Amino acid sequence: MVAKKTFFSIKSLILWGVMAVISLSLVFSSSINLYSQINTYTKTLEQSVVVAAEVTGRQAIPFIIEDDDQTLELMLSALASSPTIENVHVYKLKNESEMTFFASYNQIDIAPVRAKFSQVNELFIPRKSLDVMEVARPIHLETELIGYVYIRSAVTSLDLLITQSFIITLGVLLLCLAVCFLLIYKLQRSITSPIEGMVRLVQRISRTKDYSNRVDAHGIKELDILGGAFNGMLFNTKEYIDRQTQAEAEQLKLTVSLEGKVQQRTLALKEANSELIHTLEQLHQFQRQLVQNEKMASLGDMVAGVAHEVNTPIGLGVTASTMMLDRLADMRVAFEDKTLKASTLSKFIDEGEENLNIIYRNLNRAAELISSFKQVAVDQSSESSRVFSFANLMSEILISMGPTLKKTPYKIHIDCSDDLIVESKAGPINQIMINLIMNSIIHGFEGMEDGDINIKIELMENSKVRIEFVDNGKGIPEQLRKRIFDPFVTTKRGQGGSGLGMHLVYNLVTQGLNGSISIVSEENHGVNFSIIFPVKIADSKHVKASTFI
C-alpha cells in the first residue's frame with residue numbers, strides 16, 4: 001500500500017491558517033477605518049472652502065453695490081493668512097446673462113487662474129482635482145443675485161493628513177500582526193512541541209530498537225492519553241522481543257550479527273539519500289529564487305524607466321506652459337491699461353514662439369517615448385514585404401539621419417553591392433540600422449573625438465542576408481553585455497536614454513525578420529553585431545515600383 005503524500009504540517013496549518021484569518025480581518029477593518037478617515041478629511045476641507053466662499057461673498061456685498069473693487073481687493077489680501085487658499089475671484093453680475101471680473105486675490109508665488117464665468121454653476125458642488133479644490137457661491141442682496149465668488153484652495157494639507165493616516169494605520173496593522181504572530185507562535189509551540197518530541201522518540205526507537213524509552217507527560221489531556229497508550233505499546237513490544245531473544249539467542253546469533261551490519265548500512269544509505277534529496281531541493285529553491293529576483297529587478301528597471309522618461313518631457317512642457325500663462329497675464333494687464341508697447345508685444349511673440357517650441361518638442365518627445373513603449377510589444381511581422389535595393393535603402397537611412405550625423409565627427413562606411421536586390425520588410429531594417437547607429441554615437445563614441453562605423457551587407461547561401469555592424473568605440477562591459485537586449489537597460493538614465501533601443505532591435509530581428517542577432521564586444525575594443533535573416537532574391541526591374549522608407 002502506497003503511503004499518502006502530505007503537503008502540510010500541523011505547525012504550518014496552525015500558524016499560517018490563524019495568521020491568514022487574523023490578517024484578512026485586520027486588513028479589512030483597517031481599510032474601512034482608513035477609508036472613513038479619508039472621507040472625513042475630504043468633507044472637512046470641502047466645508048472649510050465652502051464656508052470661506054460664503055463668508056467672502058457676504059463681505060463683498062457692500063463693495064459690489066458701491067462698485068469699490070480696490071477696497072474689496074485690499075480686504076481680500078487678508079486671506080494671505082490662510083496658507084491653503086490660492087486664488088479668489090469676485091464676479092459682478094451686470095444683467096441676468098452677463099457678468100464681469102470685479103476683484104481677485106492670488107497667493108504669492110501662485111499663478112493667476114482664468115475667470116470661471118461659464119463654470120460657476122458647475123462649481124456650486126466643490127470639485128477636487130489632483131492638487132486643488134475649487135468652489136463657487138452666488139452673492140445675493142436679499143433675494144437679488146448680484147454676483148459670484150470663486151475660491152481655489154490647495155489640498156496639500158489633505159494629502160498630508162491622508163499620508164499620515166495611511167502611515168499610522170499601516171504601522172498599527174503591522175504591530176498587531178507582529179503581536180498576533182508571536183502569540184500564535186507560542187500557542188503553536190505549546191501544541192506541536194510534545195508531538196515533535198514523540199516523533200523524534202519514534203524515529204530514535206526505529207533506529208536504535210531501544211524499546212525502554214518512554215513518552216513524558218506534558219499536561220495536555222489528549223496528548224497524555226496518546227503518550228500513555230504509546231508507552232503501553234512499547235512495554236508490550238519490549239517484553240515480546242525479550243522473550244523472542246531469549247528463545248532464539250543461540251540460533252539467531254550469527255543472523256543477528258549479519259542483520260545488524262545490513263541495517264547499519266541501510267540506515268547510512270537512507271541518510272545519504274535523504275541528504276542528497278535535501279541538497280537537490282535546496283538547489284532548486286535557490287534557482288527559483290534567482291529567477292524570481294531577476295524578474296523583479298527587470299520589472300523595477302522597467303517601471304523606473306517609464307516613470308522617468310515620460311515625466312521629464314511632460315514636466316518641461318508644464319513649466320513652459322506656466323511661463324506662457326504668466327506672460328499672457330502680464331500682456332492682458334498691459335492691454336487693459338493701454339500701456340502695451342510694440343517692443344513688448346514683439347518680445348512676447350518671441351518668447352511665446354520659444355515656449356511653444358519647448359512645449360511642442362517635449363510633448364513630441366513624450367509621444368515618441370510612448371510610441372516606443374508600444375512598439376516593444378507590437379508584432380513586427382504585420383508589416384508587408386517589398387522589393388528594394390539594399391544599397392539604396394542604406395543611402396535613404398543615412399539621408400534621413402543627416403541632421404544628426406552632421407553634428408558628429410564620426411564616419412560611417414557602407415560596404416554593400418549595388419546588385420543586392422531583395423524582397424523583405426524594409427521598415428524593420430530601417431529601424432534596426434537607425435537604432436544601431438544612434439547607439440554607437442551616443443554610447444560607443446561617448447567622450448571620443450573621432451570614430452568609425454563599418455556596415456557590411458552580403459548575400460549568403462540559402463537566400464539569407466548577413467549584416468555585420470562594427471564600430472571602434474568603447475565597447476560594452478561584460479555585466480551590461482549579458483543584459484543588452486533586455487528592456488530599459490541603459491547607461492543614460494536621466495539623460496534622454498529610454499533603454500528600449502536594443503530590446504526593440506532584438507524584437508525586430510527575431511520577430512519582424514525571423515532572423516537572429518549576436519554580439520561580440522570587449523571593453524575598449526568596440527562592438528560587433530551580426531544579424532542574419534532570410535530574404536527573397538528579386539530582379540532590378542521591380543525596384544522602381546518600390547517605396548523606400
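The second largest pocket is lined by 26 residues, and Pro112, Val113, Arg114, Ala115 and Ala329 are the ones nearest its centre. A pocket here is an open set of points on a 1 Å grid over the protein atoms alone, where a 1.4 Å probe fits, with protein on both sides within 12 Å along at least five of seven lines; lining residues have an atom within 4 Å of a point. The model is predicted: local features need pLDDT of at least 70, side-chain atom pairs count only at pLDDT 80 or more, and totals for chains, interfaces and linings use all residues. Residues are numbered from 1 along each chain as its sequence is written, and side-chain values use heavy atoms, with hydrogens and water left out.

The space in the second largest pocket is about 960 Å³, a volume being the space filled by probe spheres set on the points. At least two lining residues come from each of β1 (85–93), β2 (99–106) and α5 (253–336). Helices (H or I, at least four residues) and strands (E, at least two) are DSSP runs, numbered from the N terminus. The most is given by α5, with 11 residues. The lining has 12 nonpolar, 5 polar and 9 charged residues. Ala, Val, Leu, Ile, Met, Phe, Trp, Tyr, Cys and Pro count as nonpolar, Asp, Glu, Lys and Arg as charged, and the others, Gly among them, as polar.

Axes are lines fitted to C-alpha atoms, for helices over the stretch in contact, and angles run from 0 to 180 degrees between N-to-C directions.

| Helix pair | Angle | Axes apart |
|---|---|---|
| α9 (426–444) and α11 (501–512) | about 150° | 9 Å |
| α7 (390–400) and α9 | about 50° | 10 Å |
| α3 (156–208) and α4 (221–247) | about 10° | 11 Å |

With this angle, α9 is roughly antiparallel to α11 (over 145 degrees). The crossing of α9 past α11 is left-handed, meaning that the near helix is turned anticlockwise from the far one by less than a right angle; clockwise is right-handed. In the contact (heavy atoms within 4.5 Å), residues of α9 including Ile432 and Leu436 meet residues of α11 including Leu504 and Leu508. This contact has 8 nonpolar, 4 polar and no charged residues.

Among the residues in contact are Phe390 and Leu393 of α7, and Ile429 and Met433 of α9. The contact has 10 nonpolar, 2 polar and no charged residues.

Key:
Angles under 35 degrees count as roughly parallel, over 145 as roughly antiparallel, 65 to 115 as roughly perpendicular and the rest as oblique.
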